[in-house]
Amino acid sequence: MSNAITVTEDSFQSDVLESDIPVLVDFWAAWCGPCRMVAPVLDEIAAEQEGKLRVAKVNVDENPNLAAQFRITSIPAMKVFKNGEEVRELIGAMPKQMIEQHLEGII
């Protein structure tokens, strides 16, 4: 079972922007092979950082307005939000260690 939460256009404000801990948002789609490759890595990070970092998933096909709002042009794309502000962007599938390096100093 995944510790990542599913976020929609209706819940993005409360789940991500108003979160009291940093949130890594994974913009993905079911047809995206690299997205499926990075999903278990993000689930691991969500479990290991529980209470310090929330991992949220946004399906770009089901939430096109969020994809447009955050200028998602290729997936997987991950954006890290802290205190309601975007503080980091990661593009493409990458190993767990590299994602964790990008999170240093945020969590």
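Student: What should I know before I start?
Tutor: The model is predicted, so local features need pLDDT of at least 70 and side-chain atom pairs count only at pLDDT 80 or more, while totals for chains, interfaces and linings use all residues. Residues are numbered from 1 along each chain as its sequence is written, and side-chain values use heavy atoms, with hydrogens and water left out.

Student: Is strand S2 buried or exposed?
Tutor: Five of the six residues of S2, residues 23-28, are buried, so the strand is largely enclosed by the rest of the structure. Buried means under 20% relative accessible area with a 1.4 Å probe, protein chains only, and strands are DSSP runs of E of at least two residues, helices runs of H or I of at least four, numbered from the N terminus.

Student: Which way do S2 and S3 pair?
Tutor: S2 and S3, residues 54-59, pair in the parallel sense over six bridges, where pairing takes at least two DSSP bridges between the strands. Tryptophan 28 has asparagine 59 of S3 as its bridge partner.

Student: And S2 with S4?
Tutor: S2 and S4, residues 77-82, pair in the antiparallel sense over five bridges, and valine 25 has lysine 79 of S4 as its bridge partner.

Student: New topic: which cysteines form a disulfide?
Tutor: Cysteine 32 and cysteine 35 do, with their sulfur atoms 2.4 Å apart, a disulfide being a pair of cysteine sulfur atoms within 2.5 Å.

Student: How buried are cysteine 32 and cysteine 35?
Tutor: Cysteine 32 is buried at a relative accessible area of 3%, and cysteine 35 is buried at 2%.

Methods:
Buried < 20%, exposed > 50% of the residue type's maximum accessible area, 1.4 Å probe, protein only.
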